[in-house]
Amino acid sequence: MALHRSIGPFDTTAIGLGEMGLTIEGHPSHEKGLETIHAALDAGCRMIDTAWSYYAPGEDEQTGERLTREALESWHGPRDEVLVATKVGLRRDFDADGRPIWPRDGRPEHVIAYGKQSAMALGVDAIDLLYMHRHDPEVPYGESIEGIRALLDEGVARWAGVSNVTVEQLDIARSILGDRLVAVQNQFSPIHRETRDTLEYCARLGLAFVCWSPLGGFRHPYDEHLFDPFRRIAAERGVSYQRVTLAWELAQGDHMFVIPGCHRPETFLDSFAADGLELTEDELARLN
Ligand SMILES: NC(=O)c1ccc[n+]([C@@H]2O[C@H](COP(=O)([O-])OP(=O)(O)OC[C@H]3O[C@@H](n4cnc5c(N)ncnc54)[C@H](OP(=O)(O)O)[C@@H]3O)[C@@H](O)[C@H]2O)c1
């Protein structure tokens, strides 16, 4: 039985599936994407994390949300148990050198339009959990969050989250969304510990903290040595270092969630077993 935890009123799994890799550049085939989501759901995973902006530049927009919808509609399990989270406020494009980038678009009227498009692509009356993806520096943060509030008021989304926020931005969002703000999604992993302030603040506030790119991500090079302590414990335990990493993140508090990404069922299923790995006090001290 997978570990379940609460995000606001939702009872869901502490380990969700990060959908991004299945639809941005380098993604596997459509069939492999569906197979991967179905394998996760069949294993008991009850959270899928997608975004309006999960598509490869040059391909159709919102392919991540549409893949999620198709996977759920073609799955024979209990759809009502699955929390689907999506995000608005970013687009995809290429820069002048042909590299993919994430332009920000936080104008409130656009946030509202994106939210409605997300609900349509997901095929739902109301999105379970809708995040403001990232602050658009051209727009005061509170104005973007007003767009999220309008979507909650209109019933386009049930609950809200914020992503890539500082403590100050989180406070702005709380002042506008109140109790309807239930989750923060920030980058936290062995190579990105600088968000620990927001992680600890969420624990005090009773908000869920969802770690994005919990394994360091697959898109950017980073210092692999930062995973060495995790590899050592993995070797002692006879499990993958990815499992040790996710178990360490979940051990940071009962409000912690992880959404490992993958391109195939095998990696997700290995990661999904991380909630069964209980690290000792001594092991946690070696990793913290
Ligand atoms: N809010 C935001 O701004 C934001 C930004 C980035 C990401 N995210 C979310 O975070 C999710 C995860 O991030 P991510 O995909 O960038 O990075 P990640 O989860 O840190 O890493 C994904 C990589 O880890 C590999 N992997 C996963 N489990 C493994 C295992 N048990 N053994 C070996 N390799 C394993 C995958 O391998 P394979 O490719 O071989 O399957 C993939 O290459 C995204 O899908 C998205 O939902 C949010």
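## Helix α4 and its buried side

In helix α4, the buried residues are Tyr141, Gly142, Ser144, Ile145, Gly147, Ile148, Ala150, Leu151 and Leu152. Keep in mind as you look at them that this is a predicted model. What do these buried residues pack against? Their partners are the strands β5 (83-88), β8 (127-132) and β9 (157-163), together with the helices α3 and α5 (167-177).

Helix α4 is built from 13 residues, and the distance from its first C-alpha to its last is 19 Å. That is close to the 18 Å expected at 1.5 Å a residue. After α4 comes Gly155, and the phi angle of Gly155 is positive, near 80 degrees.

## Where α4 meets α3

Let us now follow one of those partners. Two packed helices are described by the angle between their axes and the distance between the axes. For α3 and α4 (residues 141-153), the axes come within 8 Å and cross at roughly 35 degrees. This crossing is right-handed.

Which residues make the contact? On the α3 side you can find Pro108, Val111, Ile112, Gly115 and Lys116. On the α4 side they meet Glu143, Ser144, Gly147, Ile148, Ala150 and Leu151. Sorted by class, the residues of this contact are 6 nonpolar, 3 polar and 2 charged.

## From α3 to α2

Helix α3 (residues 108-122) also has α2 as a neighbour: the axes of the two come within 8 Å and cross at roughly 35 degrees. From α2, the residues in this contact are Glu65, Arg66, Thr68 and Arg69. From α3, they are Gln117, Ser118, Met120, Ala121 and Leu122. The classes here are 3 nonpolar, 3 polar and 3 charged residues.

## From α2 to α1

Next, look at how α2 meets α1. These two helices pack at an angle of about 60 degrees, and their axes are 9 Å apart. Are they parallel, perpendicular or oblique? Angles from 65 to 115 degrees count as roughly perpendicular and those under 35 as roughly parallel, so α1 and α2 are oblique to each other. The crossing in which α1 passes α2 is right-handed.

The residues of α1 that take part are His30, Gly33, Leu34, Ile37, His38 and Leu41. In α2, they meet Leu67, Thr68, Glu70, Ala71 and Leu72. By class, this contact has 6 nonpolar, 4 polar and 1 charged residues.

## A closer look at α1

Helix α1 runs over residues 30-43, which makes 14 residues. From its first C-alpha to its last it reaches 20 Å, close to the 20 Å expected at 1.5 Å a residue. Its buried residues are Gly33, Leu34, Thr36, Ile37, His38, Ala39, Ala40 and Leu41. They pack against the strands β3 (17-18) and β4 (47-49) and the helices α2 (63-73) and α9 (265-272). The residue that follows α1 is Gly44, with a positive phi near 115 degrees.

## Buried residues in the loops

Where does Cys45 sit? You will find Cys45 in the loop between α1 and β4. Its relative accessible area is 0%, so Cys45 is buried. Leaving out residues up to four places away in sequence, Cys45 touches Thr13, Ile15, Gly16, Leu17, Ala40, Phe268 and Phe272. Take Gly16 from that list: Gly16 and Cys45 are 29 residues apart in sequence, yet their C-alpha atoms are 6.0 Å apart in space.

The loop between β4 and α2 holds Ser53, which is buried with a relative accessible area of 0%. Its contacts, again leaving out residues up to four places away in sequence, are Leu90, Arg91, Arg92, Trp102 and His133.

## Two positive phi angles

Gln62 is found in the loop between β4 and α2. Its phi is near 60 degrees, a positive value in a residue other than glycine. Is Gln62 buried or exposed? Buried means under 20% relative accessible area, so Gln62, at 8%, counts as buried.

Asn164, in the loop between β9 and α5, is not a glycine either, and its phi is positive, near 60 degrees. With a relative accessible area of 18%, Asn164 is buried.

How values were computed
Residues are numbered from 1 along each chain as its sequence is written. This is a predicted model: local features need pLDDT of at least 70, side-chain atom pairs count only at pLDDT 80 or more; totals for chains, interfaces and linings use all residues. Side-chain values use heavy atoms; hydrogens and water are left out. Helices (H or I, at least four residues) and strands (E, at least two) are DSSP runs, numbered from the N terminus. The expected span of a helix is 1.5 Å times one less than its number of residues. Buried means under 20% relative accessible area, exposed over 50%, partly exposed in between (1.4 Å probe, protein chains only). Contact means heavy atoms within 4.5 Å. Axes are lines fitted to C-alpha atoms, for helices over the stretch in contact, and angles run from 0 to 180 degrees between N-to-C directions. Angles under 35 degrees count as roughly parallel, over 145 as roughly antiparallel, 65 to 115 as roughly perpendicular and the rest as oblique. A crossing is left-handed if the near helix is turned anticlockwise from the far one by less than a right angle, and right-handed if clockwise. Ala, Val, Leu, Ile, Met, Phe, Trp, Tyr, Cys and Pro count as nonpolar, Asp, Glu, Lys and Arg as charged, and the others, Gly among them, as polar.
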